[in-house]
Structure formats: C-alpha cells, structure tokens
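Try each task before you read its solution.

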Amino acid sequence: MATNLKDIFTTTQSSLRQNPTEGAATFAAATRQLTGLRSEAAIRDFRLTLDEPQALGGSDAGPNPIELVLAALGACQEITYRLYAESLGIPLNHVAVKVEGRVDLRGFFAAADGVRPGFRDIRATVEIDSPASPQDIERLKATVDLHCPVLDILRNVTPTKLELVHNAARHPVAA
C-alpha cells in the first residue's frame with residue numbers, strides 16, 4: 001500500500017474538522033433488469049450481477065439483493081475495524097465477518113398480512129486476530145460499532161424516497 005492508512009485517516013479527519021461542509025458525499029448505483037429476475041448493478045466502473053436462487057424463481061447467476069446487504073455489512077465492518085485499528089494504534093493482523101439474516105418469505109410473497117418482507121434480525125460474528133489487550137479490543141469494537149456506516153444504516157431509519165417514472169406514453173399499447 002503506497003500510503004499509510006493512519007496518515008489518510010488523520011489527514012482526512014483533520015480536514016473535515018476544519019471544513020465540515022466538505023464531509024457531504026454522495027454514493028450512487030444504477031440497476032437494470034436483464035432477464036427474468038436477473039439484474040445488473042453499475043457502481044462506479046464496476047458491474048455486478050444480481051439474481052435470485054432457482055428456488056425463488058431466479059437463475060442463480062449472482063447473489064440476491066438481501067445477500068448483498070449482508071455482504072455490505074460484513075465488508076464495512078472489516079474496513080472500519082482496519083481503519084480504526086490503524087488510527088488508534090491497535091495491532092490487527094486479520095479481520096473477517098460472518099453475517100446471517102433471517103427473513104420470512106411470506107412477507108415478500110404476500111402470503112400473510114402484517115409480515116415484513118425485510119430482515120427479522122441480523123446476526124454477525126466478527127473474528128479478529130490481534131495481540132492487543134482485551135481492553136483495547138473492546139475500545140476498538142465500540143469505536144467501530146459507532147462509526148460503521150452500513151451498521152448505522154441498518155440500525156437507524158434512513159429517509160428513503162422512491163420515484164416512479166412511467167414511460168407508457170413512449171410505448172403505447174397497440175389497439
């Protein structure tokens with residue numbers, strides 16, 4: 001790695017403290033349906049295939065969206081652990097996360113009233129390899145849990161607005 005994570009962290013933190021308005025950032029993704037339940041997500045210069053397992057009507061060509069939410073939490077925890085371990089001077093040899101989420105498919109398939117289509121709960125196990133003291137590891141965990149963006153998204157309501165654009169005028173139904 002060309003640049004030290006601790007240097008990047010402290011330089012960015014100092015800059016944001018001096019210029020708080022520079023802290024606003026926008027991330028974006030665009031998706032499009034390809035065929036069946038298969039979609040493609042475009043994120044910066046990356047393309048990801050998303051699909052449902054065959055048991056749910058897909059062709060199993062990629063992870064499904066809720067699996068990506070779980071992967072996003074795991075990866076965000078790992079990144080945040082690494083970044084804050086460096087920043088706090090806590091040695092961290094390795095970090096890995098296993099994440100599981102339970103859903104009740106009756107919500108997605110409208111098979112029961114009042115059943116949410118989303119996660120009922122999410123459980124994650126963070127495994128770290130570090131020679132640090134238990135006190136330093138607890139301090140690191142508390143810091144990570146406070147500053148992990150995806151954990152914050154999942155734990156708190158995020159205002160979300162969905163707009164539907166209907167192009168029926170461009171595609172008139174034949175008479």
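For the first exercise you need one cut-off: a residue is buried if its relative accessible area is under 20%, exposed if over 50%, and partly exposed in between. Keep in mind that this is a predicted model.

**Exercise 1.** Decide whether Tyr84 is buried or exposed.

*Solution.* Start with the value: Tyr84 has a relative accessibility of 14%. Buried means under 20%, so Tyr84 counts as buried.

**Exercise 2.** Find out how many aromatic pairs the structure holds, and describe each of them.

*Solution.* Step one is the count: there are two aromatic pairs. Next, take Phe9 and Tyr84: their ring centres are 5.0 Å apart and their planes meet at 70°. Planes over 60 degrees apart count as edge-to-face, so this pair is edge-to-face. Phe9 sits in helix α1 and Tyr84 in helix α2, so the pair ties together parts 75 residues apart in sequence. Phe9 is buried, at 10% relative accessible area.

Now turn to Phe108 and Phe109, which form an edge-to-face pair with 5.0 Å from centre to centre and 80° between the planes. Phe108 is exposed at 58%, while Phe109 is partly exposed at 47%.

**Exercise 3.** Work out in which order the three strands form the open sheet, and which strands lie at its edges.

*Solution.* The order is β1-β2-β3, with antiparallel pairing. The edge strands are β1 (30–35) and β3 (46–50), as each pairs on one side only. For Ser39, the bridge partner in β3 is Leu50.

Note on methods
Residues are numbered from 1 along each chain as its sequence is written. This is a predicted model: local features need pLDDT of at least 70, side-chain atom pairs count only at pLDDT 80 or more; totals for chains, interfaces and linings use all residues. Side-chain values use heavy atoms; hydrogens and water are left out. Rings of Phe, Tyr and Trp (its six-membered ring) pair if their centres lie within 6.5 Å; planes under 30 degrees apart count as stacked, over 60 as edge-to-face and the rest as tilted. Helices (H or I, at least four residues) and strands (E, at least two) are DSSP runs, numbered from the N terminus. Buried means under 20% relative accessible area, exposed over 50%, partly exposed in between (1.4 Å probe, protein chains only). Two strands pair if DSSP finds at least two bridges between them.
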